[in-house]
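Look at the structure first, then read on.

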Amino acid sequence: MATAAYTFLTEADWAQRIAELERIAGCCELCPRRCRVNRLEGERGFCAAPGELVVSSVFPHHGEEPPLSGTGGSGTVFFTHCTLKCVFCQNYQISQEQEGRPFTEAELAQKMLRLQDLGCHNINLVTPTHFLPWILRSLKIAAAAGLRLPIVYNCGGYERAETIDLLKDVVDIWLPDMKYGRSEPARLYSKAPDYVEINRAAIRRMFRQVGPLRCDETGIAQRGLCIRHLVLPNDQSASREVLAFLKNTFDPRDITVSLMAQYRPLYGANRHALIGTTVDRREYERIKKAFIDAGFGGFYQEPEKLDAAFIIDFKQRKEEPLTG
C-alpha cells in the first residue's frame, strides 16, 4: 500500500495549512458562498455550521465505488451541514436537518484511527469543506498517532481554488460531484447559479493536483481523481453538457467516472415538477452509452440492481458498517 501524502508533512507544514484555514474561516471564505462570517466565533453562514465539528456518523461503507470500498470498506465520516443543500439531497437528514452531534478534534482523530483498526482502506470525508480547520487539526493528531490511510475528499464539487490548493498533500483521492452541466438547474435546486463555472475550474485543479485514479495491485485506490455524476430526471443534470466538458478538457483515458442512476425524489424534490419523479431507465442508458462511447472508463450503476440500501437513515446508523 502506498503511503498517504499527509504522512510526509512536517510540523511547519501542518501549522501553515491550519493557520491559513483558520484565517479564511475567521471571515469565512472556505467555500464559494464567501459568507464572510466569523466561524471561529460561532457565527453561521449559508451552511449554518457552528464553530466546532459536528459529525453524524462514522462507519465502514461497503457501497462506495469498488476501489474505495474494496473488501474492508471505505472509512466514511459524515459531517453535518452542507455548502449546497440541494433540494433533492438523499442525505438531507445531515445536510438540511442538521442530524449530528459535536465532536472534539481528539475524538474525531480516535474515530479515524478506529476505522483503520477495522480494516478500512481509506478515510472518506463526506461534505467536509465547512469544517476544514478543525478536520486538519484532527488529522494531524491522528497522523501523529499512526494513521496512514489515504484521505478521500468526498464533496459536491463546489470548491474554491484556494481551498483546493491548501489541501495539496493532504488529500490523496478527490471524489467530487459534477452535479450540473447548466446554470439554471444549479440555481433552482442548489441556490448556486455559479456552480457550473466553479465546478469545472475545481475539477481541473483537482486533476492537476493528483492526476488519474491509481490503484494498487489489489485494485484499491491510492491516489487520483474520480468524478461522480448523478443523472437527474428530465435532463435537469444536463449530463450531455457535463460529458462535452470532460471530452473537451481531458483525455478520457485519464478520467474515472462514476455515473449514478440512484436518484429518488427525496426531501424537497416533489416541490419541483421536473425532478419530482425517478429517472427514466432508457434515458439513463442513453447517457451511459454516450459516456462509454466517448471512452470514459469507471463505474456505471445498473438501475435494475439498485435497492434502497443507498438511502442511509442517519438518525439510526452511527457506527454500524453499511453493506451494499
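The model is predicted.

**Helix pairs**

Two packed helices are described by the angle between their axes and the distance between the axes. The table gives both values for two pairs.

| Pair | Residues | Angle | Axis distance |
|---|---|---|---|
| α4 and α5 | 105–117 and 132–144 | about 55° | 8 Å |
| α9 and α10 | 239–249 and 281–293 | about 5° | 10 Å |

Take α4 and α5. They pack at about 55°, which makes α4 oblique to α5. Their crossing is right-handed. On the α4 side, the contact uses Glu105, Ala106, Leu108, Ala109, Met112 and Leu113. On the α5 side, Trp134, Arg137, Ser138, Leu139, Ile141 and Ala142 take part. By class, the residues of this α4 and α5 contact are nine nonpolar, one polar and two charged.

Now α9 and α10. Their angle is about 5°, and α9 and α10 are therefore roughly parallel to each other. Helix α9 contributes Ser239, Arg240, Val242, Leu243 and Leu246. Helix α10 meets them with Glu283, Arg286, Ile287, Ala290 and Phe291. The contact of α9 with α10 divides into six nonpolar, one polar and three charged residues.

**Cysteines**

How many disulfides does a search of the whole structure find? It finds zero. A disulfide is a covalent bond between the sulfur atoms of two cysteines. The cut-off here is a pair of cysteine sulfur atoms within 2.5 Å.

Cys31 is in no disulfide. Its nearest cysteine sulfur belongs to Cys35 and is 6.0 Å away. Cys31 has 9% relative accessibility, so Cys31 counts as buried.

**Thr83**

Where does Thr83 lie? Thr83 sits in the loop between β2 (74–79) and α3 (92–95). Is this residue buried or exposed? Thr83 is buried, because its relative accessible area is 9%, and the cut-off for buried is under 20%. Leaving aside residues up to four places away in sequence, Thr83 touches Cys31, Arg33, Phe46, Cys47, His130 and Tyr158. One of these partners, Cys31, is the buried cysteine described above.

Definitions and conventions:
Residues numbered from 1 in each chain as written. Predicted model: local features only at pLDDT ≥ 70, side-chain atom pairs only at ≥ 80, totals over all residues. Heavy atoms only, no water. Axes fitted to C-alpha atoms, helices over the stretch in contact; angles between N-to-C directions. Helix = DSSP H or I, 4+ residues; strand = E, 2+ residues; numbered from the N terminus. Parallel < 35°, antiparallel > 145°, perpendicular 65-115°, else oblique. Left-handed = near helix turned anticlockwise from the far one by under 90°. Contact = heavy atoms within 4.5 Å. Nonpolar A, V, L, I, M, F, W, Y, C, P; charged D, E, K, R; others polar. Buried < 20%, exposed > 50% of the residue type's maximum accessible area, 1.4 Å probe, protein only.
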